[in-house]
Amino acid sequence: SDGTGNITQTSGTITAANLLVTAVGDATLNQATNNVATLAADLNPGSFAYTDVDGLSIGTVTTTSGITTGNGGDGGDVTINAPNGTIVVDQSIDTSPGSGGGIIMTGGVTPNATMTAGGGTITLNGDSGSTADQVISFDLTSSGSINLSPPRDIIVGAILTTTATIL
């Protein structure tokens with residue numbers, strides 16, 4: 001979708017191999033039956049929320065890579081829910097500019113790209129029944145707290161930067 005103003009999914013199901021969301025304003029796509037394999041978003045500025053029935057990848061769709069929420073103003077929040085699958089972050093998530101945003105990862109989340117929390121908080125909620133370790137190989141930067149709650153171990157092979165707390 002591409003629009004000016006807020007985008008809100010009030011009913012129905014989005015099913016696609018690739019989904020690109022671009023907008024000036026917030027985008028909320030939280031129907032529990034949505035099913036997308038690869039997701040990318042560029043909000044100028046705005047917050048972004050998406051729920052998927054199973055796992056998905058934050059990747060590249062056409063020429064947009066990852067999720068950005070701060071072009072033209074302070075970044076907004078990013079919330080991705082995949083309660084029955086793993087969220088694989090293959091391209092960056094960035095909520096800069098701004099400050100106060102944190103990074104929260106719970107359940108099955110595989111961070112394969114950088115995440116920068118500026119004005120908005122990045123919240124990634126994967127399957128709580130996942131049995132995989134959370135391996136962090138790319139830098140996480142936050143002006144707020146970094147909260148990691150994987151189902152197993154956390155293995156850090158990157159730089160975690162925050163002006164607050166790492167939990």
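Buried means under 20% relative accessible area, exposed means over 50%, and partly exposed lies in between (1.4 Å probe, protein chains only).

## Basis

This is a predicted model: local features need pLDDT of at least 70, side-chain atom pairs count only at pLDDT 80 or more, and totals for chains, interfaces and linings use all residues. Residues are numbered from 1 along each chain as its sequence is written, and side-chain values use heavy atoms, with hydrogens and water left out.

## Threonine 69

Threonine 69 is buried, at a relative accessible area of 0%. The loop between strands S10 (67-68) and S11 (78-81) holds threonine 69. Strands (E, at least two residues) are DSSP runs, numbered from the N terminus.

The threonine 69 side chain reaches the backbone oxygen of glycine 76 at 2.9 Å. Beyond neighbours within four places in sequence, threonine 69 has contacts (heavy atoms within 4.5 Å) that include Leu43, Pro45, Asp94 and Thr95.

## Sheet

An open sheet of 7 strands runs in the order S2-S4-S6-S11-S17-S14-S20, with parallel pairing. Strands S2 (7-8) and S20 (146-149) stand at the edges, each with a single partner strand, so one side of each lacks a neighbour in the sheet. Pairing requires at least two bridges found by DSSP between two strands.

S14 (residues 103-106) and S20 run parallel, joined by 4 bridges. Isoleucine 104 has asparagine 147 in S20 as its bridge partner.

## Salt bridge

The structure holds 1 salt bridge (a side-chain nitrogen of Lys or Arg within 4 Å of a carboxyl oxygen of Asp or Glu). Aspartate 133 pairs with arginine 152, their closest N and O atoms 2.9 Å apart. Aspartate 133 lies in the loop between S17 (122-125) and S18 (134-136), and arginine 152 in the loop between S20 and S21 (154-156), so the pair ties together parts 19 residues apart in sequence.

Aspartate 133 is partly exposed at 27% relative accessible area. Arginine 152 is partly exposed at 47%.

Note on methods: A polar contact is a pair of N or O atoms within 3.5 Å; within protein, one must be able to donate a hydrogen and the other to accept it, and residues adjacent in sequence count only if both atoms are side-chain atoms.
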